[in-house]
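Biologist: I would like to learn how to read a sheet and its helices. Could you walk me through an example?

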Amino acid sequence: MDITPSQTLYINNLNEKIKKDVLKKTLYAVFSQFGRVIEIVACKGIKLRGQAWVVYQDVTAATNAMRRLQGFNFYDKPLKIAFSKNKSDVVARKNGEVVPVRQKRQREEQSKPMEDGSETPAAAVAPKPAQPKLVVNSVPNRILFAQNLPEECTDQVLSSLCQSYPGFQEVRMVPGKKGIAFIEFQDQMQAGIAMQQLNGFKLNANDTLHLTYAKQ
């Protein structure tokens, strides 16, 4: 029987070696590009490892995310996404429904509110130290330079953000240097369009994507 589309997506086949806090942050960065994410649930329990739930503000965003990210290579494993069979507790509460207490429910975890009032993993709102001065280059180039990236922002995350833009070719991280990457497009115009759209994209509650043209 087909499952009715809902705001909550069920994701499995996740890489079990990834730490829970990193997993939540990375899922947020990948899935939030398709709409407002109000909750992400991932679990430590043995029976629930490799699984997560992503809750959107609306069904349209959830449907689009599932369509676009189905089979996406996420930490070397393809994502398997379906609509959740059960309504998320956070959605039920927003609808004014009474949520019963479940003694053994480990899937439901407390989340801290974001600055805009939505909910996101607690680890995503930890304070960060001052960031170094950003490099800015206005000379057009088909390669973009990403800087001050958080630890969980991998080449796969950046690829998922850029793959919908025409001309995208690849993301190259810099071995031995944290927080920077190069994003290559086929030509300068395509790189410029992507930079205009993605520069300032909110990766999590504290980090934004900083893009500029790479130096020749």
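Modeller: Let us go through the sheet and then the helices of this predicted model.

Biologist: Gladly! How do strands pair in a sheet, and in what order do the strands lie here?

Modeller: In general, strands of a sheet pair through backbone hydrogen bonds, either parallel or antiparallel. Here, 4 strands make an open sheet with antiparallel pairing, in the order 2-3-1-6. Strand 2 (37-42) and strand 6 (80-83) are the edge strands, each pairing on one side only. On average, neighbouring strands of this sheet are turned by 20° against each other, direction ignored.

Biologist: How many bridges join strand 1 to strand 3?

Modeller: Strand 1 (residues 8-12) and strand 3 (residues 51-56) run antiparallel and are joined by 5 bridges. For instance, Leu9 has Val54 in strand 3 as its bridge partner.

Biologist: And which strands does helix 1 touch?

Modeller: Helix 1 (residues 20-31) packs on the sheet and touches strand 1, strand 2, strand 3 and strand 6. Helix 2 (residues 59-69) also packs on the sheet, touching strand 1, strand 3 and strand 6.

Biologist: How do helix 1 and helix 4 pack?

Modeller: Two packed helices are described by the angle between their axes and the distance between the axes. For helix 1 and helix 4 (residues 155-162), the angle is about 15° and the axes are 9 Å apart. Angles under 35 degrees count as roughly parallel, so helix 1 and helix 4 are roughly parallel to each other. Thr26, Ala29 and Val30 of helix 1 make the contact with Val157, Ser160 and Leu161 of helix 4. These contact residues divide into 4 nonpolar, 2 polar and no charged.

Conventions
Residues are numbered from 1 along each chain as its sequence is written. This is a predicted model: local features need pLDDT of at least 70, side-chain atom pairs count only at pLDDT 80 or more; totals for chains, interfaces and linings use all residues. Side-chain values use heavy atoms; hydrogens and water are left out. Two strands pair if DSSP finds at least two bridges between them. Helices (H or I, at least four residues) and strands (E, at least two) are DSSP runs, numbered from the N terminus. Axes are lines fitted to C-alpha atoms, for helices over the stretch in contact, and angles run from 0 to 180 degrees between N-to-C directions. Contact means heavy atoms within 4.5 Å. Angles under 35 degrees count as roughly parallel, over 145 as roughly antiparallel, 65 to 115 as roughly perpendicular and the rest as oblique. Ala, Val, Leu, Ile, Met, Phe, Trp, Tyr, Cys and Pro count as nonpolar, Asp, Glu, Lys and Arg as charged, and the others, Gly among them, as polar.
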